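Open the model in your viewer and keep the selection tool ready. The tour moves from a sheet to a helix pair and then to a chain contact.

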Amino acid sequence: MNNSADKIIRLENIVKSFDDEMVLKRINLEIGDKEFVTLLGPSGCGKTTTLRIIGGFESPDEGVVYFDGKAVNDVPPYKRPVNTVFQKYALFPHLNVFENIAFGPKLKGASGPGLTAKVQEMLELVNLKGFEKRSISTLSGGQQQRVAIARALINEPRVLLLDEPLGALDLKLRKDMQLELKNIQQRMGITFVYVTHDQEEALSMSDIVVVMDNGEIQQIGTPEDIYNEPQNAFVADFIGESNILDGQMLDDYYVSFSGMKFRCLDSGFLKHEPVDVVVRPEDVDVVSPERGMLIGTVTSVTFKGVHFEIIVDIGGFKWMIQTTDYVENGSVIGLYIEPDAIHVMKKSEFSGMFGDYSTFSEEMEHLSDTEEPEEE
Amino acid sequence: MTSTRTKKVSVTRSLLQRFAAAPYFFWAVLFIVIPLIFVAYYSFTDRDFAFTLENIKAFFTPKYLTILLRSVKLALLATLICLLIGYPAAYFIARTDPKKQKTLIMLIMLPMWMNFLIRTYAWMVLLQDTGIINGALESLGIGPMRMMYTEGAVVVGMVYDYLPYMILPIYSIMTKLDHRLVEAASDLGCNPFAVFRKVIVPQSLPGVVSGVMMVFVPSISTFYISRKLGGGNFYLIGDAIETQFNSNNLHMAAAISFVLMLLLLAGMFVMDRFSDNSSGGGLMP
């Protein structure tokens with residue numbers, strides 16, 4: 001609590017409704033100076049609204065937004081020390097690249113060679129040297145994205161807000177831009193608040209990931225924490241692949257699921273407390289049936305390049321397992337699970353919503369990953 | 001194989017398109033191109049249909065040039081007033097909530113459903129020496145003032161009749177204005193006034209250009225308004241055409257129309273250049 005001095009933004013009990021629908025239900029969030037914080041969640045979870053409240057484009061119905069310890073609820077966007085990279089860039093079509101980037105400094109009275117040099121520096125930063133005179137409509141999506149970033153960064157904001165900035169780019173470009181953004185953030189030493197529905201993007205770029213759903217924060221943590229120690233079934237399901245099983249805590253360090261008893265590293269639960277158990281597909285070893293802790297039948301094998309993705313039916317529950325060893329479809333195999341591969345979670349409102357992989361299909365995965373339409 | 005097939009498809013499609021466009025094409029030829037040719041033909045011929053430049057020359061005499069200048073002056077004034085009233089009106093209508101917008105636009109268009117003559121007559125009733133406005137002024141001890149048969153009355157008539165043509169195109173572009181650009185500008189440090197000046201005005205220029213044309217062109221060629229509200233004291237180019245027409249001098253009427261048309265075309269061309277430049281960022285800072 002005494003480190004709140006280096007927290008640049010604090011949201012306290014933020015509530016926001018649109019047309020009687022509560023999109024944010026008491027959000028409490030602290031963002032540290034120079035941190036890369038990602039708000040991650042599915043469409044409609046409230047992440048964009050949270051960002052817009054920080055930017056000043058929406059005002060909360062309840063709660064307080066603090067910048068450097070001062071309440072800024074009534075401060076309009078143009079007076080906040082933040083700049084935004086908008087979802088679909090929102091570049092000014094009647095201005096060229098130079099004029100777009102120079103927009104902010106010009107408002108503050110910058111002009112002449114000083115301004116030109118600053119714009120040049122920004123263009124260099126985003127790899128768009130020589131594009132000054134180009135009109136916005138002649139730029140590709142990736143180039144427009146870079147102009148949008150330069151236009152925001154030239155104002156030297158304390159905090160840069162990014163609203164799904166890479167959503168409209170193709171995969172390859174997206175990966176490159178992820179690296180570039182991370183580099184820029186570290187080089188310039190400013191706080192990034194980044195909104196995305198892409199969990200991979202969130203894990204690879206962020207210092208802190210804030211997982212949201214239903215207008216509530218589900219978990220705040222480092223990417224490793226979020227992946228390895230999900231707090232509930234929603235987080236476990238949303239971040240990466242996971243087998244989420246119904247289990248029971250037998251005692252400290254002992255949990256039962258799938259009719260078997262396993263050693264685990266979790267403690268502090270009640271005796272016989274019902275729990276959710278997460279096992280990541282890559283943490284399961286495929287062994288011969290005799291050596292297996294669980295025995296099942298392979299119902300599908302998909303080659304993924306680095307590994308095979310196999311679906312194993314164990315007592316009617318379909319497990320997803322990633323293995324580098326080839327197994328025959330239809331064969332009976334054993335599964336071996338190390339204690340540290342088992343993660344036990346308290347039951348939550350999400351328990352039972354995310355089952356096994358019986359209905360899993362590649363198509364569904366892509367559907368949920370495609371760019372969402374204008375959210376909120 | 002496939003390439004020839006796709007080629008065939010595209011040929012049939014373009015044929016189909018041509019057939020679909022045919023009625024419009026014939027309509028355009030019959031009612032636009034042929035009449036224009038007639039206008040040009042009459043302009044350059046005399047009563048015996050012999051080629052002559054006399055009609056055109058007659059236009060460039062002080063008599064007609066004075067009329068032209070007066071028409072331009074009054075039309076420009078009317079256009080400017082329409083812009084000054086219409087732009088804020090369009091802006092505020094576009095910013096009210098969508099349900100109210102429909103009603104407001106209805107109200108703007110309502111007078112257009114009434115006959116043009118009746119609207120002009122209504123202004124006569126309002127403006128005459130013993131009219132409603134003078135009655136009110138008199139009771140306040142200011143009036144009566146001479147309002148009928150002045151240039152002001154003519155301009156008022158033009159503004160009243162053509163104001164919707166200014167509001168509608170600007171309104172339509174204002175509703176399409178990208179709200180994210182407004183947010184972006186405000187994010188970059190624009191206060192509301194700067195947002196208006198740096199984003200909304202430049203974005204709405206195409207609507208302004210078409211509004212200006214839609215008001216200026218009918219204003220400059222109007223004849224009835226000046227006759228009724230100007231009492232014949234402010235003879236405009238439209239009146240000149242009508243007079244020539246009524247006195248059966250179709251050739252002179254055609255010549256005036258023809259020259260006016262060329263002048264308007266030249267004007268539009270300049271406007272077009274102007275709007276192109278501004279959308280490229282040339283004119284607006």
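Here are the stops, in order.

This is a predicted model: local features need pLDDT of at least 70, side-chain atom pairs count only at pLDDT 80 or more, and totals for chains, interfaces and linings use all residues. Residues are numbered from 1 along each chain as its sequence is written, with chains lettered from A and ligands numbered from 1 in the order in which they are written.

**Stop 1: the sheet.** Select the strands of chain A in the order β2-β1-β4-β5; these four form an open, antiparallel sheet. Strands are DSSP runs of E, at least two residues; helices are runs of H or I, at least four; both are numbered from the N terminus. Two strands pair if DSSP finds at least two bridges between them. The edges are β2 (21-32) and β5 (70-71) of chain A, each pairing on one side only. Now pick β1 (residues 7-18) of chain A: eight antiparallel bridges join this strand to β2(A). Click L11(A); its bridge partner in β2(A) is L29(A).

**Stop 2: a helix pair.** Select α2 (residues 97-107) and α3 (residues 112-125) of chain A. They pack at about 120°, axes 10 Å apart. Axes are lines fitted to C-alpha atoms over the stretch in contact, and angles run from 0 to 180 degrees between N-to-C directions. Show F98(A), I101(A), A102(A) and P105(A) on α2(A), then L115(A), K118(A), V119(A) and M122(A) on α3(A): these make the contact (C-beta atoms, placed from the backbone, within 7 Å).

**Stop 3: the chain contact.** Chain B gives 18 residues and chain A 20. On the chain B side, α8 (179-187) and α9 (192-220) each supply at least two residues. The largest share, six residues, comes from α8(B).

Conventions: Contact = placed C-beta atoms within 7 Å.
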